[in-house]
Amino acid sequence: MIQCKDGHFYDPAKHSACPWCVQPFDVGGEGKTTPLRPVMEDAGKTTPLRSPVAAPSEDTNISGAEAKTRPLYAAHPPAPGPLPVAFPAAGPAASPAGLPAAVQAAPPAAPTTAPLEPVVGWLVAMQGPERGHDFRLRAERNFVGRGPENDVVIAGDPRVSRLRHAIVTFEPRKRVFYLSPGDASGLVYLNDELLDKTVPIAPNDVIEIGDTTLKLVPFVTADFNWS
């Protein structure tokens, strides 16, 4: 081993000049170079992590001999692999909605319908645009008019008021029919007489509203009742 003018040691058998002085890294100014890090051995050899004269430790052997060497830089850890995929436990087949197929396959409940109101009689059109048509009457109040909101709809007669031109009432306790003028502007006639109050009506009585003539045909009478 020989020492260069800058104090670096090197092996002349391996290098014709100081390998440290020819490094391209200039830190001393004026063209002088210096090694990137201090070395204790020839180039290419590894440097002990601890001094050979240090007390025995995990880096030296039991007899205190020269410390073992290891790379100065640790290797990169392996790249993490894909995460395991968790599969759901086996169970009943599920539908896209998240419910068991058995629940999805259940038939829908039948729609509820209003109870049937038994017919108590009819109004039969004898004259006018609705001639030959019959209109069902039910218990209690039946509103007569041109609009679909009424119970008895006489749509073909433009002279009939749209709402409540007349009211036909069936009183179930006595089984009696009554006729009343409605709250519309149209007039009501009973057996050719102007009606201005509520009066009882009998079978075959004639009711006139607009251009329509109606006749009462009872079904529930003193001899028959639905109850």
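This report describes the strand pairing and the aromatic contacts of a predicted model.

Five of its seven residues are buried, so strand 13 is largely enclosed by the rest of the structure. Strand 3 (residues 121-127) pairs with strand 13 in the antiparallel sense, over six bridges. Within this pairing, Ala125 stands opposite Leu214 of strand 13. Strand 12 (residues 206-209) also pairs with strand 13 in the antiparallel sense, here over four bridges. Val206 has Lys215 in strand 13 as its bridge partner. Strand 12 and strand 13 form a hairpin with two residues between the strands, and in this hairpin Gly210 takes a positive phi near 60 degrees.

Strand 12 has a further antiparallel pairing with strand 9 (residues 188-190), over three bridges. There, Leu190 stands opposite Ile207 of strand 12.

| Strand | Partner strand | Bridges |
|---|---|---|
| Strand 3 (residues 121-127) | Strand 13 | six bridges |
| Strand 12 (residues 206-209) | Strand 13 | four bridges |
| Strand 9 (residues 188-190) | Strand 12 | three bridges |
| Strand 5 (residues 140-145) | Strand 7 (residues 166-171) | five bridges |

Another open sheet holds five strands in the order 6-5-7-8-11, with mixed pairing. Strand 6 (152-153) and strand 11 (199-201) stand at its edges with a single partner strand each, so one side of each is left without a neighbour in the sheet. Strand 5 and strand 7 run antiparallel and are joined by five bridges. In this pairing, Val144 stands opposite Ala166 of strand 7.

The structure holds five aromatic pairs. In one of them, the ring centres of Trp122 and Phe219 are 5.6 Å apart and the ring planes meet at 75 degrees, so the pair is edge-to-face. Trp122 belongs to strand 3 and Phe219 to the segment after strand 13, so their pair ties together parts that are 97 residues apart in sequence. Trp122 counts as partly exposed, at 24% relative accessibility, and Phe219 also counts as partly exposed, at 33% relative accessibility.

The pair of Phe170 and Phe177 has ring centres 4.8 Å apart and planes at 50 degrees, so it is tilted. Phe170 is buried, with a relative accessible area of 3%. Phe177 likewise counts as buried, at 4% relative accessibility; the cut-off for this class is under 20% relative accessible area.

Trp122 and Phe219 also belong to one aromatic cluster together with Phe224 and Trp226. A contact of another kind involves Arg164, whose charged end sits over the ring of Phe143, 4.2 Å from the ring centre.

Key. Residues numbered from 1 in each chain as written. Predicted model: local features only at pLDDT ≥ 70, side-chain atom pairs only at ≥ 80, totals over all residues. Heavy atoms only, no water. Buried < 20%, exposed > 50% of the residue type's maximum accessible area, 1.4 Å probe, protein only. Pairing = 2+ DSSP bridges. Phe/Tyr/Trp six-rings, centres within 6.5 Å; stacked < 30°, edge-to-face > 60°. Lys NZ or Arg CZ within 6 Å of the ring centre and 35° of its normal.
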